[in-house]
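Work through these exercises with the structure in view. Try each task before reading its solution.

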Amino acid sequence: MNAAGIRDTDYNELELLAQSDSGAIVVKTSTILPRQGNPEPRYKSLSTMSIQSMGLPNHGYKTYIRYIERLKEKYEKQGHSKPIIVSIAGFTEKEYLTLAEGFQHSKADMIEVNLSCPNIVGKRIIGYDLKGVDDLTKKLRLATDKVLGFKLPPYLDEVMIEKMSKIILNNNIEFVTCINSIPNTLIIDPATDKPWIKPNKGKGGLGGRCIKPIALGNVASFCHYLKDKVSIIGVGGISTGKDAYDFLLYGADAVQVGTQFMEEGIGCFARIQKELDEILRKKTLKIATTCRRRNAERFTPYNEENSFTK
Ligand code: RRO
């Protein structure tokens with residue numbers, strides 16, 4: 001599926017996702033009121049990475065409640081409705097609760113609580129404030145019985161992952177999506193010696209292929225602490241079927257595509273799925289052949305008549 005924030009803000013973009021090979025529709029993080037976001041230029045893609053400081057541009061949660069209703073109605077009738085995941089971000093605890101209560105009465109299937117937006121100047125990334133997350137989670141869990149998950153920032157410290165996992169397990173959070181873009185990063189345009197993007201003195205969230213090892217490490221660690229009790233959606237640097245395969249192998253139950261979707265467009269879902277299918281087909285063949293050979297060696301006395309190569 002798409003990562004939150006990528007080609008998922010306007011109704012026509014959501015409709016394109018509904019018609020695509022994406023397994024679900026993730027909607028741009030909603031705030032209480034509509035927002036224009038940060039001044040441009042605010043996104044730059046380079047060969048192995050992207051940097052952005054979008055600043056939460058979105059139409060406000062009430063508009064998304066209407067968009068989702070329209071999508072569900074239209075695609076349920078056509079018989080190919082898919083899960084819709086909304087993403088929420090409040091500037092205060094009260095706002096998070098209002099958003100959760102709002103979507104509780106919507107047709108959204110799941111709520112991804114964004115605890116990791118890197119681009120709100122002067123605001124701490126709440127995912128790094130474990131006590132704050134614990135307090136918020138208890139109230140959020142009471143505000144909605146929709147499937148509830150966290151969008152987490154990258155953790156470079158294993159102990160934080162262990163502690164966050166305890167909060168998740170103690171509060172019946174059902175999925176985690178990791179990771180959001182890497183905060184506080186800066187890339188300079190060699191032609192101008194100035195940052196590529198304008199907001200926040202050029203600093204923003206890093207995405208793209210280069211962040212895959214950090215994302216994969218976080219997924220593997222969360223998989224260790226959460227066991228099989230909480231679903232994990234892996235995101236960060238996925239651009240091929242092999243990337244998706246690595247995430248699935250090391251603990252993810254599903255994956256999201258961010259920068260690659262932004263760059264390639266809607267066709268990326270079918271392509272990545274096809275590449276993944278091909279890898280799985282080859283691996284399955286390899287496993288099947290090894291098992292057959294082992295069983296044959298174990299149970300069948302070798303002779304010319306039943307030789308394997310024959
Ligand atoms: O809109 C953004 O600037 C943004 C968000 Br809400 C987020 O969660 N992650 C990100 O990299 N950018």
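**Exercise 1.** Which side chain has an N or O atom 2.8 Å from a nitrogen atom of the ligand?

Solution. The model is predicted: local features need pLDDT of at least 70, side-chain atom pairs count only at pLDDT 80 or more, and totals for chains, interfaces and linings use all residues. Residues are numbered from 1 along each chain as its sequence is written, and side-chain values use heavy atoms, leaving out hydrogens and water.
The side chain is that of Asn 180. This is a polar contact (a pair of N or O atoms within 3.5 Å).
Now take the ligand's oxygen atoms. One lies 2.8 Å from an N or O atom in the side chain of Asn 114. A polar backbone atom of Met 54 is 3.2 Å from a ligand oxygen.

**Exercise 2.** State how much of the ligand the protein buries.

Solution. Start with the ligand alone: it exposes 310 Å² (Shrake-Rupley method, 1.4 Å probe). The protein buries 93% of that.

**Exercise 3.** Describe the open sheet of four strands.

Solution. Strands here are DSSP runs (E, at least two residues), numbered from the N terminus. Two strands pair if DSSP finds at least two bridges between them.
First, read the order: β2-β3-β11-β8, with antiparallel pairing.
Next, find the edges. β2 (43–45) and β8 (182–186) each have a single partner strand, so one side of each lacks a neighbour in the sheet.
Finally, look at one pair. Three bridges join β2 to β3 (residues 50–52). Tyr 43 has Gln 52 of β3 as its bridge partner. Gln 52 is also one of the residues around the ligand (a heavy atom within 4 Å).

Definitions and conventions. A polar contact is a pair of N or O atoms within 3.5 Å; within protein, one must be able to donate a hydrogen and the other to accept it, and residues adjacent in sequence count only if both atoms are side-chain atoms.
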